[in-house]
Amino acid sequence: MLTQLALIGLLLALLPLSYVLARGSRDKYRKLVWITAFLTLDLIMFGSFTRLTDSGLGCPDWPGCYGHSNPYAAVEHIRAAETALPSGPVTWAKAWIEMLHRYFAMAVGVLIIALVVLAWSKRRELKQSPWFATGVLVLVCVQGAFGAFTVTLKLQPIIVVTHLLLGMALLAALIWLGSRSDPPRAIAPAAAALRWPGRIALALLTIQIFLGGWVSTNYAVLACTDFPLCNGQWIPEMDFRHGFTLWRQLGMTADGDYIPHSALVAIHWVHRGFAVVVLGYLAWFALRTRRFAPLARASHWLLAVLVLQLATGLSNIVLDWPLLPAVAHNGGAAVLLMLLVRLNYNIGLATRAATAAAPGSFDRAPAAAHDAPAPDAAGANRPADTARAS
């Protein structure tokens with residue numbers, strides 16, 4: 001079974017690998033990084049589809065399906081489980097959704113292995129340490145382990161959320177790796193002032209992704225059925241103690257009782273309230289970064305995705321949690337993360353440029369070659385850039 005699963009993952013990975021290797025370009029590594037990042041985003045969205053269709057236990061063992069590499073071979077077990085409990089977690093459709101998610105994850109793992117091989121074999125040509133790519137491989141292995149725990153621990157909420165956060169961390173690491181592989185960009189040193197605002201934006205989004213995952217995995221999306229009020233109240237009755245007890249079974253309290261509705265309301269209300277903070281801060285951050293020409297495009301995308309997130313988040317409440325907007329809401333969070341990682345990386349370039357331009361710096365010449373100041377919207381250099389050029 002393990003050999004068959006490995007072959008399936010390898011076959012799925014051959015298509016993007018063949019595209020990269022057959023191009024005849026010297027830029028294979030960079031292209032493979034970005035293709036892997038794109039497919040990781042797709043994997044995160046398919047993972048949310050798997051969760052939202054209640055397919056996480058479509059095959060109740062791991063890594064196969066009732067000890068087989070595909071649902072066809074396990075058809076008797078699946079039919080028996082479906083007959084015994086037609087509305088249960090095991091059905092023919094759910095088994096295929098779950099196994100397709102696993103196949104897709106294995107293919108991404110194969111691509112990351114290929115990345116590491118390229119990073120080590122071409123380390124002199126790439127002029128960057130291969131250890132970052134190796135760290136990404138370690139991260140995907142940990143992510144796979146939590147994928148197994150998600151099934152074997154029967155969708156325990158903290159395990160599911162950790163699995164989600166590790167997937168987001170993997171996506172962020174690939175975006176950072178892709179940014180390092182791109183040609184150096186000219187970022188005005190004045191953008192270095194956004195270094196800490198960018199980090200705060202990333203931290204706030206990470207917390208909100210955790211809260212969103214906690215809402216989804218506890219099925220608390222419809223705990224508040226109206227907006228902007230929650231069940232007709234600004235501050236409804238809430239049970240924070242049971243709602244935010246991390247180590248417990250799905251739908252249960254830590255004591256083994258059924259989780260009260262007020263705990264689900266607390267989970268939903270905290271996510272909704274913190275969303276106001278995150279949306280406001282990220283909108284402010286996007287408006288600040290768009291003043292710098294090399295950051296403007298990502299900033300405009302950031303504003304657009306924030307609007308999309310607001311729309312899909314509201315639709316989950318007022319339209320009774322439809323599947324497509326719910327998946328889009330999960331994907332939107334991942335895209336926001338990608339944009340913030342990219343912006344933070346480019347702000348880091350500006351920080352290095354500002355350090356190189358500081359009086360007494362011994363690294364002036366290399367910085368001028370790679371991080372030359374960019375003109376502002378009027379086409380003239382800013383005062384800091386003019387001073388540096390002189």
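Reader: Which residues lie nearest the centre of the second largest pocket?
Author: Gln 208, His 271, Arg 272, Ala 275 and His 329, out of 40 lining residues. This is a predicted model: local features need pLDDT of at least 70, side-chain atom pairs count only at pLDDT 80 or more, and totals for chains, interfaces and linings use all residues. Numbering runs from 1 along each chain as its sequence is written, and side-chain values use heavy atoms, without hydrogens and water.

Reader: What counts as a pocket and its lining?
Author: On a 1 Å grid over the protein atoms alone, a pocket is an open set of points where a 1.4 Å probe fits, with protein on both sides within 12 Å along at least five of seven lines. Lining residues have an atom within 4 Å of a point.

Reader: Which helix gives the most to the lining of the second largest pocket?
Author: Helix 10 (261-289), with 9 residues. Helices are DSSP runs of H or I, at least four residues, numbered from the N terminus.

Reader: Where does the second largest pocket lie?
Author: Between domain 1 (1-182) and domain 2 (185-355), because both give residues to its lining. Those bounds come from an automatic or database domain assignment.

Reader: Switching topic. Which residues touch the most other members in the largest nonpolar core?
Author: Tyr 29, Leu 32, Met 168, Leu 282, Phe 285 and Leu 302, in a core of 70 residues. A nonpolar core is a set of buried (under 20% relative accessible area, 1.4 Å probe, protein chains only) Ala, Val, Leu, Ile, Met, Phe, Trp, Tyr and Cys residues joined through side-chain atoms within 4.5 Å.

Reader: Which helix gives the most to this core?
Author: Helix 12, with 13 residues. The core draws at least three residues from each of domain 1 and domain 2.

Reader: What is Met 168 in contact with?
Author: Beyond neighbours within four places in sequence, Met 168 is in contact (heavy atoms within 4.5 Å) with Ile 44, Ile 209, Asn 330, Ala 333, Ala 334 and Leu 337.

Notes:
Helices (H or I, at least four residues) and strands (E, at least two) are DSSP runs, numbered from the N terminus. Buried means under 20% relative accessible area, exposed over 50%, partly exposed in between (1.4 Å probe, protein chains only).
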